[in-house]
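Thanks, everyone. Please have the sequence and the model open.

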Amino acid sequence: MLPMAVMLYGLLIFPTNDHEQTVTLHLENARLKQVFKLIEQQTSYHFCYTEEQMSISCPVTMDVSEEKISRVLQSCFRGQPFTYVMVDTVVVVQTVRKKQ
């Protein structure tokens, strides 16, 4: 019984991305908020952000087909004044603070 409990614990701590959801996007100079909505339509992911964050976001150009969500998010956030943290299927957008 103990080995089974240890194995289950390991699965909870180190989940695999073998079944990572995929996204198809063909966008040119799209608003980041629009990109988030399209990702939400295609996956079970949801985004948590403020309107202030979206007002300072940079346009996104992307042409991907059946790309893993992790790679799509890396592309979306490249060059943005944000980073993100994933909590289950919620993507929390965090503003990068400038070092003083």
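Let's begin with serine 65. Setting aside neighbours within four places in sequence, serine 65 is in contact with Val23, Thr24 and His26. Contact here means heavy atoms within 4.5 Å. The C-alpha atoms of serine 65 and histidine 26 are separated by 8.1 Å, yet the two residues are 39 residues apart along the chain. Serine 65 lies in strand E3. Helices (H or I, at least four residues) and strands (E, at least two) are DSSP runs, numbered from the N terminus. Is serine 65 buried, partly exposed or exposed? At 49% relative accessibility, serine 65 counts as partly exposed. The cut-offs: buried is under 20% relative accessible area, exposed is over 50%, and partly exposed is in between, using a 1.4 Å probe and protein chains only.

A word on what we are looking at. This is a predicted model, where local features need pLDDT of at least 70 and side-chain atom pairs count only at pLDDT 80 or more, while totals for chains, interfaces and linings use all residues. Residues are numbered from 1 along each chain as its sequence is written, and side-chain values use heavy atoms, with hydrogens and water left out.

How confident is the predictor? pLDDT is its confidence in each residue, from 0 to 100. The mean pLDDT of the protein chain is 86, and 80% of its residues reach 70 or more. Residues 4-18 stay under 50, and the model has one contact beyond four places in sequence for them. Where pLDDT is low, the predicted coordinates should not be read in detail.

Now the whole chain. How many helices and strands does the protein chain have? It has four helices and five strands. Along the sequence the pattern reads α-β-α-β-α-β-α-β-β. Of the 100 residues, 27% count as buried. Take contacts between residues at least 6 apart in sequence: 57% of them join residues at least 24 apart. The chain exposes about 7,400 Å², and carbon and sulfur atoms supply 55% of that. Those areas come from the Shrake-Rupley method with a 1.4 Å probe; for residues, only the protein chains shown count as cover.

On to the sheet. Three strands form an open sheet in the order E2-E5-E4, with mixed pairing. Two strands pair if DSSP finds at least two bridges between them. E2 and strand E4 (82-87) are the edge strands, each pairing on one side only. Neighbouring strands of this sheet are turned by 25° against each other on average, direction ignored. E2 and strand E5 (residues 90-95) pair in the parallel sense over three bridges. Within E5, valine 90 is the bridge partner of histidine 46.

Which helices lie across these strands? H2 lies across E2, E4 and E5, at about 145° to E2. Helix H4 (residues 69-77) also lies across E2, E4 and E5, running at about 155° to E4. Axes are lines fitted to C-alpha atoms, for helices over the stretch in contact, and angles run from 0 to 180 degrees between N-to-C directions.

Next, the rings. The structure holds four aromatic pairs. Rings of Phe, Tyr and Trp (its six-membered ring) pair if their centres lie within 6.5 Å; planes under 30 degrees apart are stacked, over 60 edge-to-face, and the rest tilted. Phenylalanine 36 and phenylalanine 47 are stacked, at 4.1 Å centre to centre with 10° between the planes. Phenylalanine 36 sits in helix H2 (residues 32-42) and phenylalanine 47 in strand E2 (residues 46-48), so this pair ties together parts eleven residues apart in sequence. Phenylalanine 77 is buried at 7% relative accessible area, whereas tyrosine 84 is partly exposed at 23%. Ring pairs link Phe36, Phe47, Tyr49, Phe77 and Tyr84 into a cluster.

Last stop: two loop residues. Glutamine 80 is in the loop between H4 and E4. It counts as buried, at 10% relative accessibility. Beyond four places in sequence, glutamine 80 is in contact with Leu32, Ser57, Cys58, Pro59 and Val60. Proline 59 is in the loop between helix H3 (51-55) and strand E3 (60-68). Proline 59 counts as exposed, at 57% relative accessibility. Its contacts beyond four places in sequence are Asn29, Ala30 and Gln80.

How values were computed. pLDDT is the predictor's confidence in each residue, from 0 to 100.
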